[in-house]
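Hi everyone, thanks for making time. Let me share my screen and we can look at this one together.

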Amino acid sequence: MGTTYSVDYDPTYVGPGEGTADTQAGPSAAIWHNCPILQILEDPGKGIIFWDDFLTPPVTPTETAENPAGVSGSYITITSDGAADIQNGGGLGGEVKLNPAASDKHCAMRAGGAIFDLSTGHKPLWFEARVKVGQIANAKGGFFVGLFEGIASTATSPITANGTMANENNVGFQVLEGDGDALVVSHGKAGASGNDVATAAATVAAGTYVKVGFKMANNACEFFANGVLVKTVLASAAKFPEDLPLSPTFAAMGAAANTTGYFMDWWRVVQER
């Protein structure tokens, strides 16, 4: 099942709802309006769907090595030590909480296996997640949500001790340790001297959910915050991980002092075959 994208990226195209903030709990129409998700549900041969509403959240692993966790072992989770953990966030309808700890203690969760690919040679992809932060003070910690290279998580990956992204293949959104209320578009390619985090996506408020997502087709990736287009990146950009396998990843790192956690209500990724 094809999409309505043209052969080449059209920067003048405006999808339904683009330019109008969508703060409702469900997926944003501006991202998903041309996703053939119903056809893929009927016939998995048409595409891949990854979707979790966290009715059964992953749990903290008992070791500092990566561990299968969550529903049927669908996640690989890791914490740097016992001070950091992954919890049931307690929100209505399901919620997961990453609770990093002071002194650069981290926790992360990713879908097992590298199952998606952003490139001009692969079919269109859609991603969106609904996340919130417990507090927005600077120097308390940071998080990343998006697609990340399917390599083992460590004490300095996906997020390094100074709160920046590891120099690995990734695309998504990040709150940096030094600016706790600024959610930025974040994408990087291994060996390309760090992530591009120059574009602000949204100003976050403590305890308030924001939806972040992107969609990739042909030669461009469009990034959205609450359904509003905030940035477009060509696949040919030096710091864009084109044609590399990536996995849904949610990671957080504590700073000098502890945070009150990073929460996710749901996330969804779809790619046509």
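I'll go through the salt bridges, then the nonpolar cores, and finish with the cavities.

A word on ground rules: this is a predicted model, so local features need pLDDT of at least 70 and side-chain atom pairs count only at pLDDT 80 or more, while totals for chains, interfaces and linings use all residues. Residues are numbered from 1 along each chain as its sequence is written, and side-chain values use heavy atoms, with hydrogens and water left out.

So, how many salt bridges are there? The count is 3, taking a salt bridge as a side-chain nitrogen of Lys or Arg within 4 Å of a carboxyl oxygen of Asp or Glu. Start with Lys-211 and Asp-22, at 3.2 Å from N to O. Lys-211 sits in strand β13 (residues 210–217) and Asp-22 in the segment before α1 (29–32), so this pair ties together parts 189 residues apart in sequence. Helices (H or I, at least four residues) and strands (E, at least two) are DSSP runs, numbered from the N terminus. Lys-211 has 2% relative accessibility and counts as buried, buried being under 20% relative accessible area, with exposed over 50% and partly exposed in between (1.4 Å probe, protein chains only).

Next, Glu-95 and Lys-132 meet at 3.7 Å, N to O. Glu-95 is in the loop between β4 (85–88) and β5 (96–99) and Lys-132 is in strand β8, so parts 37 residues apart are tied together. Both Glu-95 and Lys-132 are buried.

Then there is Asp-265 with Arg-130, whose closest N and O atoms are 2.8 Å apart. Here strand β17 (residues 262–272), holding Asp-265, is linked to strand β8, holding Arg-130, across 135 residues. Asp-265 and Arg-130 are buried too.

On to the cores, meaning sets of buried Ala, Val, Leu, Ile, Met, Phe, Trp, Tyr and Cys residues joined through side-chain atoms within 4.5 Å. The largest has 46 residues, and Phe-143, Val-145, Phe-214, Phe-250 and Trp-267 have the most contacts inside it. Strand β8 (residues 125–133) gives the largest share, 5 residues. A second, separate core of 9 residues includes Trp-32, Cys-35, Ile-40 and Val-270.

On a 1 Å grid over the protein atoms alone, a cavity is a set of points where a 1.4 Å probe fits but cannot get out, and lining residues have an atom within 4 Å of a point. Grid points are joined across faces, edges and corners, and volume is the space filled by probe spheres set on the points. The largest cavity holds about 40 Å³. Its lining has 10 residues, with Gln-135, Ala-137, Gly-141, Gly-180 and Tyr-262 nearest the centre.

Thanks, happy to chat!

Definitions and conventions:
On a 1 Å grid over the protein atoms alone, a cavity is a set of points where a 1.4 Å probe fits but cannot get out, and a pocket is an open set with protein on both sides within 12 Å along at least five of seven lines; lining residues have an atom within 4 Å of a point.
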